[in-house]
Amino acid sequence: MFEDEMKENMMMYKMKQMQRSNDDSSYNAYNPFESSSYRRRMSSALYRQKRQAAGTQPNGAAVILPESLDIGDRLAEKLKQEQQHTEAKIGNMTCVLREMGVLNQQNELDFNTQKRTFEKYNFRSKWLKNRILDDMEMCNKAAEALPYDYQQEQNFPGLVNLSKVKTFMRCCKYSKMKSCMYQDVKEKLEKNFGSLQKIKE
């Protein structure tokens, strides 16, 4: 429906454009940049700028904006501050993930490092522990299987590969939630009907 309206508007515009061979007034009604009011506003703005700069600059010299209005420099400064802030956040996140055993010393995802760290924790259920280890291995493979172009979008030199880490963390979050839910269901079934082996038989 939207496409039909767009096509119809384009057709109307083209027809008006073709009809304006000798009469510019119809064209001006559809093109705001050609209207006399637009020209008047622009010329008054330019005249005002010239009038304000008069007396301070010789004729023909470029108008230099005051330092307070130099938007380009302020933007560059803000971008630099934002970059430093982001790098600091990524650095903090990298340190935390390394301490948690998610990343190895080269700031890369490493399942062996994760497994060694994970083995330190005591679990009531061996089934849940094995299930979460399988989830972590699967999430590592999912992070490594990302397309090259997507990886390069968030891969900054000297920093951790954010696209891999974000994919891994998101995958772990949801797969661990599922595993915990399955564990709850398993415990409920075993409490009411006996062990899973007996239920399967």
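Colleague: Hi! How many helices and strands are there in the chain?
Modeller: The chain has 9 helices and 0 strands, where helices (H or I, at least four residues) and strands (E, at least two) are DSSP runs numbered from the N terminus. This is a predicted model, in which local features need pLDDT of at least 70 and side-chain atom pairs count only at pLDDT 80 or more, while totals for chains, interfaces and linings use all residues. Residues are numbered from 1 along each chain as its sequence is written, and side-chain values use heavy atoms, without hydrogens and water.

Colleague: Thanks! What share of the residues in the chain is buried?
Modeller: Of the 201 residues, 22% are buried, meaning under 20% relative accessible area with a 1.4 Å probe, protein chains only.

Colleague: Which residues are buried in α8?
Modeller: Among them are Leu-162, Val-165, Phe-168, Cys-171 and Cys-172.

Colleague: And what follows α8?
Modeller: Gly-194 does, with a positive phi near 95 degrees.

Colleague: New topic: at what angle do α6 and α8 pack?
Modeller: Helix α6 (residues 126–144) and α8 pack at about 155 degrees, with axes 9 Å apart; axes are lines fitted to C-alpha atoms over the stretch in contact, and angles run from 0 to 180 degrees between N-to-C directions. That makes α6 roughly antiparallel to α8, a label for angles over 145 degrees.

Colleague: Which residues make the contact?
Modeller: With contact meaning heavy atoms within 4.5 Å, they include Trp-127, Leu-128 and Ile-132 of α6 and Phe-168, Cys-171 and Tyr-182 of α8.

Definitions and conventions: Buried means under 20% relative accessible area, exposed over 50%, partly exposed in between (1.4 Å probe, protein chains only). Angles under 35 degrees count as roughly parallel, over 145 as roughly antiparallel, 65 to 115 as roughly perpendicular and the rest as oblique.
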